[in-house]
Amino acid sequence: MPRPAPFLLATLSLLCVSQLFADQRPNILLCISDDQSWIDTSIAGSQAAQTPSFDQIARRGAYFRNAISASPGCSPSRAALLTGRYSWMIEQAGTHASAFPKKYVVYPDLLEEAGYFVGFTGKGWGPGNYKISGRTRNPAGPAYQKRKLKKKPASGISNNDYAANFADFLADRPDDAPFCFWFGAMEPHRPYQQGSGEQAGKKLAEATLPPFLPDADPVRGDLLDYCREIEWVDQQLGAMLKQLEVAGELENTIVVVTSDNGMPFPRAKANNYEYGIHMPLAIAWPTKIAAGQTIDEPVSLVDLAPTFLAAAGVAPAADSPMVGRNLLPRLTGVQKQLTGGVYSSRERHSSSRWDNLTYPQRSLRNEQFLLIRNFRPQRWPAGAPQVYKKPGMLGPMHGGYHDIDGSPTLAWMVENREEAAVAPLFHAAVDHRPAIELFDIEQDPGCLHDLADDPAHAKTRQELEKQLNDYLAKTGDPRLSGSGDVWESYPRYSPIRDFPKPDWAK
């Protein structure tokens, strides 16, 4: 089968730009939080999440207003970032808690082969089983996890002393070797210490309430606890930046700050809606990238791996080509505008349906619109409403929905689901969805007003559907070739729940 054109174009782009930067091998520091939507930084306007370190990187380089994750779940999103390939292009690694085939080369390995000193702390790639595929270490690199906090700021925060582990990594680095470090914060992944946001001095009125969540004190309090953990990540990043500054390394270090998928609330994480895939992203490299840039065009997190390789003067693996775009021409002013849309996908998230079935989605995001294709609309998007508590004993109705992280917000919405102000938001989070959804994200970032059947948007729908389907076909998505059930066959290496068999499966 001939290799699709995007592979060749991405490879040529990397080879050309690698000559431009070959004389300046930068260090690379990636900070990736766990479950944070784009809107929850102070530079984006949040009052509850103060992120001076993120803001510093954004102002010292480029702030991306439309950065899109390859998946609304952590494991496939991280695998896509590491390989520079969309999630449907990496087999088991494109779904949650499965394997990571060794044939898909990751950028830390390529940089290490080129003389970079590589490591990570916190959460690398995962959850999943990388050893089953023959890998001897986490795809993010060798682990630096020994240093622990003597006292955690809140019970939900990891005891990993990220900044101290980064210091150990720098101390181990050979003289004159450039480094590539992955700081994978565990935060703001749940669970949270309930009330920790208010205990830190935050006010309920400061919470940025997404349009799809009801305005209630338990929800606002939950959002404050989430923001408290975002601030902890930012503080740890700030400590790392200070270490680099003291060492005289900050100017020639590419610092990238982002997240893997959206906030862990109903209709956000594990959904291809805006709050599930729209990420914070800032990139600084003072010796090469002009400060004060704001980039509005959509970019994908799959663009990061080829960007890192180009900056280091390293070619991608010929047998594991990348489709992500090298962003350096745009960041350095060689290219004035990025064109085209970016894509996201979802298969299995948690164990949330009978027979461990997935909820397959693909989406296309451009500057104004988000088009989503739901391949199995008969399945429950947030998971089945009921789950077996033990064999033969069903739990309560609305006790399922396990593709939504358990939380005070979800519990409150279930309890108050019949109230007039809550009912439409509850049903938007858990009910069945049509095969095609279309949203104007400029007017409706909460993705509550589906335009797919609006005659005024018929042409837009037709054009975006064609663009999405053409790209999926060109890049070999099994969902387009009639072999999409392969996604149901990949083992899950995390607990599996038991659900009643649905009527449509009989």
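A salt bridge is a side-chain nitrogen of Lys or Arg within 4 Å of a carboxyl oxygen of Asp or Glu. In this predicted model, the side chains of arginine 365 and glutamate 274 meet in such a salt bridge, with 2.6 Å from N to O.

The domain assignment gives domain 1 as residues 27-340 and domain 2 as residues 345-505. Across the interface of the two domains, the rule finds 2 salt bridges. The interface also holds 20 residue pairs in polar contact, with both residues at pLDDT 80 or more.

On the domain 1 side, the helices α7 (217-246) and α8 (274-277) each supply at least two residues that touch domain 2. By class, this side of domain 1 has 26 nonpolar, 16 polar and 9 charged residues.

The next step is the interface as a whole. The centres of domain 1 and domain 2, taken over C-alpha atoms, are separated by 25 Å. In total, 51 residues of domain 1 are in contact with 47 residues of domain 2. Between them the two domains bury about 4,100 Å², and 59% of this area lies on carbon and sulfur atoms. Within domain 1, the residues that lose the most area to domain 2 are Trp88, Arg267 and Asn272. Together these three account for 19% of what the domain 1 side buries.

Key
Residues are numbered from 1 along each chain as its sequence is written. This is a predicted model: local features need pLDDT of at least 70, side-chain atom pairs count only at pLDDT 80 or more; totals for chains, interfaces and linings use all residues. Side-chain values use heavy atoms; hydrogens and water are left out. Domain bounds come from an automatic or database domain assignment. Contact means heavy atoms within 4.5 Å. Buried area is the accessible area (1.4 Å probe) that two parts lose on being put together, summed over both. A polar contact is a pair of N or O atoms within 3.5 Å; within protein, one must be able to donate a hydrogen and the other to accept it, and residues adjacent in sequence count only if both atoms are side-chain atoms. Helices (H or I, at least four residues) and strands (E, at least two) are DSSP runs, numbered from the N terminus. Ala, Val, Leu, Ile, Met, Phe, Trp, Tyr, Cys and Pro count as nonpolar, Asp, Glu, Lys and Arg as charged, and the others, Gly among them, as polar.
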